[in-house]
Each structure stands twice: as C-alpha cells, then as structure tokens.
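Me: Could you take me through this model with a few questions and answers? I will paste it here.

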Amino acid sequence: MSVLSIFAAIQSIENERQRVFVETLYRNYSPWVLSYAYKIVRNYDAAQDILNESFIRIIKYVDQIMELEEYKRNAYVKRIISSVSMDYLDKESSETKKAELWKIITHSEAYNEYSVDTLLERMDLEEILNNAMNELDERDRTLLIYKYSFDMSYKQISEEMNIPLGNVGAYVKRAKSRFVKVIKKDKR
C-alpha cells in the first residue's frame with residue numbers, strides 16, 4: 001500500500017473526530033513508527049509497508065485507541081508495530097530476523113526495570129525530541145529521519161527526495177541546525 005493509499009484510507013473515515021484524530025496520530029507517530037520498523041527489518045520499503053499496515057490496524061481500532069491515555073496509546077501503537085513487523089518477518093520466514101526483533105522488543109525500555117525517575121526522564125526527553133521534530137517542516141523532518149534513523153547515504157537521500165547530490169549535505173546541516181534551535185527554544 002502506498003502513502004497515497006493510506007491517506008485515502010484516513011480520508012475515508014466518516015466520523016470527523018476520528019479522522020482528525022488519526023490524521024494527528026499519523027503526523028505525530030509516522031516518523032517514529034517508520035524509524036522503529038526500520039530498526040526491526042532494516043529495509044526502507046518494508047518499513048514503509050509496516051507503517052501503512054500499522055495505520056490500517058489503528059484505523060480499525062480507532063475507537064479504543066482514542067480512549068487511551070497518552071502513555072497507554074504509545075504502548076498500544078508499539079504493540080501494533082511489533083505485531084505487524086512479526087507478520088512481515090513470518091512472510092520472510094527468516095529466523096535470524098525474528099531473533100533480532102525479539103532482541104529489540106525485549107531490550108526496549110518497556111521491558112527493562114528502570115526507576116520511575118529514569119522512565120520519566122526518558123519520557124520527557126522523548127517528548128521534547130518528538131515535539132521538536134513535529135515543529136520542523138516535512139522536508140527537514142524527512143532529511144533528519146533518512147540521515148540519522150535510517151543511516152542513508154547522501155546519494156540515497158538525493159535519489160529518494162529528488163535533491164541534487166551536491167546539496168544534500170547542506171540541507172541536512174540546515175535541518176539539524178533548525179532542529180537544535182527548536183529544542184533550545186523549548187527548553188526555555
């Protein structure tokens with residue numbers, strides 16, 4: 001399913017409150033979902049498919065998700081992504097990839113025993129970073145995700161975003177600078 005298909009699926013939600021909720025969820029969670037899925041499958045196209053399938057499942061259960069508190073919603077979305085990723089890996093039938101996924105899932109902060117203070121600090125930091133990313137325009141956000149989450153080369157970014165190869169480094173540097181400014185502004 002393409003990105004256009006997922007937007008069509010979101011637009012087809014008849015209840016306006018639910019549609020706005022899913023649009024906001026997509027805007028806020030899609031960079032994180034894409035990054036998390038990529039860590040699991042190490043393939044950009046597969047990560048994009050997982051993102052889309054995850055949001056199809058979210059649309060299916062939107063009533064229940066809307067009722068959840070923020071921290072429970074995060075955990076629920078993470079479970080959906082993990083489930084969709086496992087389904088993908090089942091199709092790939094790679095025991096190595098399944099083992100890698102299990103390692104990622106079981107070593108995430110949700111499964112480790114941290115003090116309440118440590119968890120709150122991590123949540124605060126994650127919230128600051130997510131808020132800063134959401135304040136960036138789409139191009140800056142995409143550049144940073146491609147470079148730092150997907151570890152894509154400038155050549156890959158150039159091809160994916162239709163940017164001249166010689167300009168990619170400058171664009172990434174400026175996006176990073178704007179990201180830092182947003183974080184510094186939020187700390188005040």
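Me: Thanks! Which residues of α9 do Arg-139, Thr-142, Leu-143, Tyr-146 and Lys-147 in α8 meet?

Reply: This is a predicted model, in which local features need pLDDT of at least 70 and side-chain atom pairs count only at pLDDT 80 or more, while totals for chains, interfaces and linings use all residues. Residues are numbered from 1 along each chain as its sequence is written, and side-chain values use heavy atoms, with hydrogens and water left out. Helices (H or I, at least four residues) and strands (E, at least two) are DSSP runs numbered from the N terminus, and a contact means heavy atoms within 4.5 Å. By that rule, the five residues you list in α8 meet Tyr-154, Ile-157, Glu-160 and Met-161.

Me: How do the residues of that contact of α8 with α9 divide into nonpolar, polar and charged?

Reply: Here Ala, Val, Leu, Ile, Met, Phe, Trp, Tyr, Cys and Pro count as nonpolar, Asp, Glu, Lys and Arg as charged, and the others, Gly among them, as polar. With these classes, the contact of α8 with α9 comes to five nonpolar, one polar and three charged.

Me: At what angle do helix α8 and helix α9 pack, and how far apart are their axes?

Reply: Two packed helices are described by the angle between their axes and the distance between the axes. The axes are lines fitted to C-alpha atoms, for helices over the stretch in contact, and angles run from 0 to 180 degrees between N-to-C directions. For α8 (residues 138-149) and α9 (residues 154-161), the values are about 140° and 10 Å.

Me: Is the residue Thr-142 buried or exposed?

Reply: Thr-142 lies in helix α8, and its C-alpha is separated by 8.0 Å from that of Pro-31, 111 residues apart along the chain. Buried means under 20% relative accessible area, exposed over 50%, and partly exposed in between (1.4 Å probe, protein chains only). At 16% relative accessibility, Thr-142 therefore counts as buried.

Me: Which ring does Arg-139 lie over?

Reply: A charge sits over a ring if NZ of Lys or CZ of Arg is within 6 Å of the ring centre and within 35 degrees of the ring normal. Arg-139 is 4.4 Å from the ring centre, over the face of Tyr-171.

Me: What kind of aromatic pair do Tyr-26 and Phe-55 form?

Reply: Rings of Phe, Tyr and Trp (its six-membered ring) pair if their centres lie within 6.5 Å; planes under 30 degrees apart count as stacked, over 60 as edge-to-face and the rest as tilted. The count comes to one aromatic pair by this rule. It links distant parts of the chain, with Tyr-26 in helix α2 and Phe-55 in helix α3 (residues 44-60), 29 residues apart, and both residues are buried. The ring centres of Tyr-26 and Phe-55 are 4.9 Å apart and the planes are at 70°, so the pair is edge-to-face.

Me: Where is Ile-13, and which residues is it in contact with, leaving aside neighbours within four places in sequence?

Reply: Ile-13 is found in the loop between α1 (3-11) and α2 (16-41). With a relative accessible area of 9%, Ile-13 is buried, and its C-alpha is 8.2 Å from that of Ile-59, 46 residues apart in sequence. Neighbours within four places aside, the contacts of Ile-13 are Gln-18, Arg-19, Val-22 and Ile-59.

Me: Which residues does Phe-179 contact, again leaving aside neighbours within four places in sequence?

Reply: Phe-179 sits in helix α10 (residues 165-187) and counts as buried because its relative accessibility is 16%. Between the C-alpha atoms of Phe-179 and Leu-136, 43 residues apart in sequence, the distance is 7.0 Å. With those neighbours left aside, Phe-179 is in contact with Leu-129, Ala-132, Met-133, Leu-136 and Leu-144.

Me: What is the phi of Asn-162?

Reply: Asn-162 lies in the loop between α9 and α10 and counts as exposed, at 72% relative accessibility. Although Asn-162 is not a glycine, its phi is positive, at about 60°.

Me: How many helices and strands are in the chain?

Reply: Buried residues make up 38% of the 188 residues in the chain. From the N terminus on, the elements run α-α-α-α-α-α-α-α-α-α, which gives 10 helices and zero strands.
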